[in-house]
Amino acid sequence: MDIKITKDNQNLLLARREVEFTVTHDGATPTRVHVLGKIAAMLNVNTDQVVLDPFRTEFGISRLKGEARVYETKEARDKLEPEYLMKRGMREEAQDAPPEEPSSEGTAEA
C-alpha cells in the first residue's frame, strides 16, 4: 500500500490540517483503520487526532482517494467532528466491545 498526499492545507481558525491523499494498493481495499494508522504515521501525529472522510474508490483501478482532518489536539477534534465519523476510525476491538446488558428488573424466569 502506497499513500501519496496530494493536498495539504492548514486551517488556523479550526486548529487543523486538511489533507487529501491517494492510496494505491494491491488486492483488497485497505481498511479505514489501516489507512488511518498510515496517515497518522506519515504526519507524525497520534491516531486520535485524525478523522477520515469516506473513501472514493475508482472502478477497475486499485486506487482510492480520501480526505483527512488532522487536529492539533484530541479536544479540538471532539468539539468539531460528528460522533459517527470518529467511531468509523476506531480500531475493530474497541468497536466490538459488548454493549451494556439491560437490567433484568421486573422480569421473572420460568
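Guide: By definition, buried means a relative accessible area under 20%, exposed means over 50%, and partly exposed lies in between (1.4 Å probe, protein chains only). The structure is a predicted model, in which local features need pLDDT of at least 70 and side-chain atom pairs count only at pLDDT 80 or more, whereas totals for chains, interfaces and linings use all residues. Residues are numbered from 1 along each chain as its sequence is written, and side-chain values use heavy atoms, with hydrogens and water left out.

Visitor: Why is Arg69 called buried?

Guide: Its relative accessible area is 11%. The limit for a buried residue is under 20%, so Arg69 qualifies.

Visitor: What makes the contact between Asp53 and Arg69 a salt bridge?

Guide: A salt bridge requires a side-chain nitrogen of Lys or Arg within 4 Å of a carboxyl oxygen of Asp or Glu. For Asp53 and Arg69 the N to O distance is 2.8 Å, so the pair meets the criterion. The two residues are 16 positions apart, with Asp53 in the loop between β3 and β4 (56-57) and Arg69 in strand β5. Both partners are buried.

Visitor: How do you know that Glu81 and Arg69 also form a salt bridge?

Guide: Their side chains meet at 2.7 Å, N to O, which is within the limit already given. Glu81 lies in the loop between α2 (74-80) and α3 (83-88) and Arg69 in strand β5, so this bridge ties together parts 12 residues apart in sequence. Glu81 has a relative accessible area of 8% and is therefore buried.

Visitor: What separates Lys74 from Asp78 in helix α2?

Guide: Lys74 and Asp78 stand four residues apart in α2, which means a separation of about one helical turn. An α-helix has 3.6 residues a turn, so residues three or four places apart point the same way. The side chains of Lys74 and Asp78 meet in a salt bridge of 3.7 Å, N to O.

Visitor: Are Lys74 and Asp78 buried, exposed or partly exposed?

Guide: The relative accessibility of Lys74 is 35%, and that of Asp78 is 37%. Both values fall between the two limits, so each residue counts as partly exposed.

Visitor: Which residues are joined by salt bridges that share partners?

Guide: One such network contains Arg16, Glu18, Asp53, Arg69 and Glu81. In total, the structure holds nine salt bridges.

Visitor: How are the helices and strands of the chain defined, and how many are there?

Guide: Helices (H or I, at least four residues) and strands (E, at least two) are DSSP runs, numbered from the N terminus. There are four helices and five strands, in the order β-β-α-β-β-β-α-α-α.

Visitor: How do you know that the span of α1 agrees with expectation?

Guide: The expected span is 1.5 Å times one less than the number of residues. For the 12 residues of α1 this gives 16 Å, and the end C-alpha atoms are 16 Å apart, so the two agree.

Visitor: What follows α1?

Guide: Asn44 comes next, with a positive phi near 60 degrees, although Asn44 is not a glycine. Asn44 has a relative accessible area of 71%, so it is exposed. Ala15, in the loop between β1 (2-11) and β2, likewise is not a glycine but has a positive phi of about 55 degrees.

Visitor: What makes a set of residues a nonpolar core, and which members of the largest one touch the most others?

Guide: Such a core is a set of buried Ala, Val, Leu, Ile, Met, Phe, Trp, Tyr and Cys residues joined through side-chain atoms within 4.5 Å. The largest has 14 residues, of which Phe21, Val23, Val35, Ile39, Val50, Leu52 and Ala68 touch the most other members. Two or more residues come from each of β2 (16-24), α1 (32-43), β3 (50-52) and β5 (63-71), and α1 gives the largest share, five residues. A second, separate core of five residues includes Val51, Tyr71, Ala76 and Leu85.

Visitor: What is Val35 in contact with beyond its neighbours within four places in sequence?

Guide: Contact means heavy atoms within 4.5 Å. On that basis Val35 is in contact with Met1, Ile3, Phe21, Val23, Pro30, Leu52 and Phe55.
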